[in-house]
Amino acid sequence: MGEPEHVEPSCSFKAAVTFFLGLLFGTFSALTCKMAYDAQSVGLPEEGEAVGLEKAFDKPIMMLLLMFLAMVPALFMFLVQQWLRRPEEREAVPRSLLIALIVPCICDLICTVLLLEAQLYITASMWQMLRGTVIIITAILKRVVLAKQLQAHMWSGVVIIAAAMALTALTSFLDPESQGSGKDPRIGVCLVLLGCLAQGVQYVFEEKVRGPWFAQ
């Protein structure tokens, strides 16, 4: 007898709630970053500048550091969770898995830096909409790299998203002054696209390598 055919799980209520929360908190994260960038404070004077001059907090690397520091407690929560379990129930993380995780970590780092930098050039609404490009990139990489067949309705969704992303980005190229940031929004669009490319590589790599460890 052959192996049973793999059936894609349907969207459950739990999955729908998880998706909604991810969308909600993702939007909240984008807005808080943009609010931080727009905050004004007295900065250190540069050469030729007056003392006491107010400047915007345009420090994407600092935002990256704060973002990653906020993730550190998750490691301690995992260690406490394992400590509370009986020894035979604790999860053993193989060294090969830790080494493999270096690649998605680097991709996530590159993606986060580029996306945080992009917010200096475009509005939060455009930034959030352009991030949908990761769906297009992930779909193409899954087809090319993982050789997975996507269903017709999935490709229809990709085409619709691609059209929406093209129209959104087109406004920045045809009317750069519409963003009102004083910077070239085309740079921000390119940064978002590059960040989504790094994120798409991360997603596909994780799906490719997770089988040997998570299929058990």
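Where is Q119 found? Select Q119: this residue sits in the loop between α4 and α5.

Some ground rules before moving on. This is a predicted model, in which local features need pLDDT of at least 70, side-chain atom pairs count only at pLDDT 80 or more, and totals for chains, interfaces and linings use all residues. Residues are numbered from 1 along each chain as its sequence is written, and side-chain values use heavy atoms, with hydrogens and water left out.

**Stop 1**

The cut-offs: buried is under 20% relative accessible area, exposed is over 50%, and partly exposed is in between, using a 1.4 Å probe and protein chains only. Now show the contacts (heavy atoms within 4.5 Å). Leaving out residues up to four places away in sequence, Q119 touches A30, C33, K34, Y37 and W127.

**Stop 2: helix α1**

Select residues 13-38, which form helix α1. Helices here are DSSP runs of H or I with at least four residues, strands are runs of E with at least two, and both are numbered from the N terminus. Check the length of α1. Its 26 residues should span 38 Å at 1.5 Å a residue, and the end C-alpha atoms are 38 Å apart, so the two agree. The expected span is 1.5 Å times one less than the number of residues.

Highlight A30, C33, K34 and Y37: these residues of α1 are buried. What covers the buried residues of α1? The cover includes β2 (54-56), α2, α4 (102-118) and α5 (124-130).

**Stop 3**

Go to M62, in helix α2 (residues 60-84). M62 is partly exposed because its relative accessible area is 38%. Together with M62, they make a nonpolar surface patch of about 740 Å². Patch residues have over 30% relative accessible area and no salt bridge; like charges are joined within 9 Å, and nonpolar side chains (Val, Leu, Ile, Met, Phe, Trp, Tyr) within 5 Å. Accessible areas come from the Shrake-Rupley method with a 1.4 Å probe, and for residues only the protein chains shown count as cover.

**Stop 4: salt bridges**

How many salt bridges does a search of the whole structure find? The search finds seven. The criterion is a side-chain nitrogen of Lys or Arg within 4 Å of a carboxyl oxygen of Asp or Glu.

Select R86, E88 and E89, which are linked in a network of salt bridges. The E88 to R86 bridge is 3.0 Å, N to O. The E89 to R86 bridge is 2.6 Å, N to O. E88 is exposed, at 61% relative accessibility, and E89 is partly exposed, at 38%.

Next, pick E91 and R85. Their salt bridge has its closest N and O atoms 3.3 Å apart. E91 is partly exposed at 49%, and R85 is partly exposed at 27%.

**Stop 5: cysteines**

A disulfide is a covalent bond between the sulfur atoms of two cysteines. The cut-off is a pair of cysteine sulfur atoms within 2.5 Å. A search of the whole structure finds zero disulfides.

C196 is buried, at 0% relative accessibility.

Finish at C190, in helix α8 (residues 185-209). C190 is partly exposed, at 38% relative accessible area.
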